[in-house]
Amino acid sequence: MADRDVSAEPLRVSILSQGSYLIASIHTALDDGQLVRFQRDLIERIGAQRSLGVIIDVAALDVLDSFGSRTLRDIARMSRLRGAETVIVGIAPELAVSMVRLGLHLDLPTALDLEEGLAYLRSLTGTPMLP
């Protein structure tokens with residue numbers, strides 16, 4: 001059986017530009033290869049669009065493993081090195097409970113929803129969402 005080419009598959013993440021910010025919504029669970037591709041694409045977009053902030057919406061996820069948690073932390077660190085702050089939004093109650101039970105730590109800013117995430121970024125960057 002031939003290995004499938006992950007780069008040829010459409011990424012199940014949308015990355016939208018809103019003024020100085022990028023909003024990345026993960027629509028469904030991603031395998032490790034897709035997470036790495038998402039990370040690369042997002043970091044490239046931060047530089048290309050000179051983004052000051054990134055919101056990653058994980059509301060559609062019901063599971064987040066250790067690799068996914070580490071990848072989100074890495075994205076936040078890489079984003080900061082590229083000049084953008086990152087906040088994770090939309091962690092469902094069930095996901096929060098399972099992450100605590102599994103001992104997973106994001107160790108990065110989180111907010112309840114998109115609105116609170118935008119308010120958080122505005123407080124850090126001092127810029128409105130739209131130019």
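Predicted model: local features only at pLDDT ≥ 70, side-chain atom pairs only at ≥ 80, totals over all residues.
**Ser-79**

Buried or exposed, I asked of Ser-79? Its relative accessible area is 0%, so Ser-79 is buried. I also took a C-alpha to C-alpha distance from Ser-79 to Gln-18. The two are 61 residues apart in sequence and 16 Å apart in space.

**H1 against H2**

Next I looked up how H2 packs on H1. Two packed helices are described by the angle between their axes and the distance between the axes. Here helix H1 covers residues 32-49 and helix H2 covers residues 66-81. I get an angle of about 10° and axes 10 Å apart. H1 and H2 are therefore roughly parallel to each other. Which residues of H1 and H2 make the contact? From H1 I list Asp-32, Leu-35, Val-36, Phe-38, Gln-39, Leu-42, Ile-43 and Ile-46. From H2 I list Phe-67, Gly-68, Thr-71, Asp-74, Ile-75, Met-78 and Ser-79. By type, the contact residues divide into nine nonpolar, four polar and two charged.

**The sheet**

I then traced the strands. Strands of a sheet pair through backbone hydrogen bonds, either parallel or antiparallel. This sheet is open, has five strands and runs in the order E1-E2-E3-E4-E5. Its pairing is mixed. Which strands stand at the edges? They are E1 (13-18) and E5 (110-111). Each has a single partner strand, so one side of each is left without a neighbour in the sheet.

I went through the pairs in order:

- E1 and E2 pair in the antiparallel sense over six bridges. In E2, Leu-22 is the bridge partner of Ser-17. The two strands form a hairpin with two residues between them. Gly-19 in that turn has a positive phi of about 65°.
- E2 and E3 run parallel and are joined by five bridges. Ile-23 has Ile-55 of E3 as its bridge partner.
- E3 and E4 also run parallel, joined by five bridges. Ile-55 stands opposite Val-87 in E4.
- E4 (residues 85-89) and E5 pair in the parallel sense over two bridges. Val-89 stands opposite Ala-111 in E5.

Helices on the sheet came next. H1 packs on the sheet and touches E1, E2 (21-26) and E3 (53-57). The direction of H1 makes about 10° with that of E1. Helix H4 (residues 114-125) packs on the sheet as well, touching E2, E3, E4 and E5. The direction of H4 makes about 160° with that of E4.

I checked strand burial too. In E3, four of its five residues are buried, and I noted the strand as mostly covered. E4 is mostly covered as well, with four of its five residues buried.

**Cores**

How many residues has the largest nonpolar core? I count 28 residues in that core. Those with the most contacts inside it are Val-13, Ile-26, Phe-38, Leu-42, Ile-56 and Leu-72. At least two residues of this core come from each of E1, E2, H1, E3, H2 and H3. H1 gives the largest share, five residues.

Beyond its neighbours within four places in sequence, Leu-42 is in contact with Ile-15, Leu-22, Ala-24, Val-54, Ile-56 and Ile-75. Leu-42 is also one of the H1 residues in the contact with H2.

There is a second, separate core of eight residues. Its members include Ile-23, Ile-55, Val-87 and Val-89.

**Positive phi in the loops**

Last, I looked up backbone angles. Arg-50 has a positive phi of about 50° although it is not a glycine. Its place is the loop between H1 and E3. The relative accessibility of Arg-50 is 71%, so this residue counts as exposed.

Asp-107 is another non-glycine with a positive phi of about 50°. I find Asp-107 in the loop between helix H3 (93-102) and E5. Its relative accessibility is 67%, and with the cut-off for exposed at over 50%, Asp-107 counts as exposed.

How values were computed
Residues numbered from 1 in each chain as written. Heavy atoms only, no water. Axes fitted to C-alpha atoms, helices over the stretch in contact; angles between N-to-C directions. Parallel < 35°, antiparallel > 145°, perpendicular 65-115°, else oblique. Contact = heavy atoms within 4.5 Å. Nonpolar A, V, L, I, M, F, W, Y, C, P; charged D, E, K, R; others polar. Pairing = 2+ DSSP bridges. Buried < 20%, exposed > 50% of the residue type's maximum accessible area, 1.4 Å probe, protein only. Core = buried A, V, L, I, M, F, W, Y, C linked by side-chain atoms within 4.5 Å.
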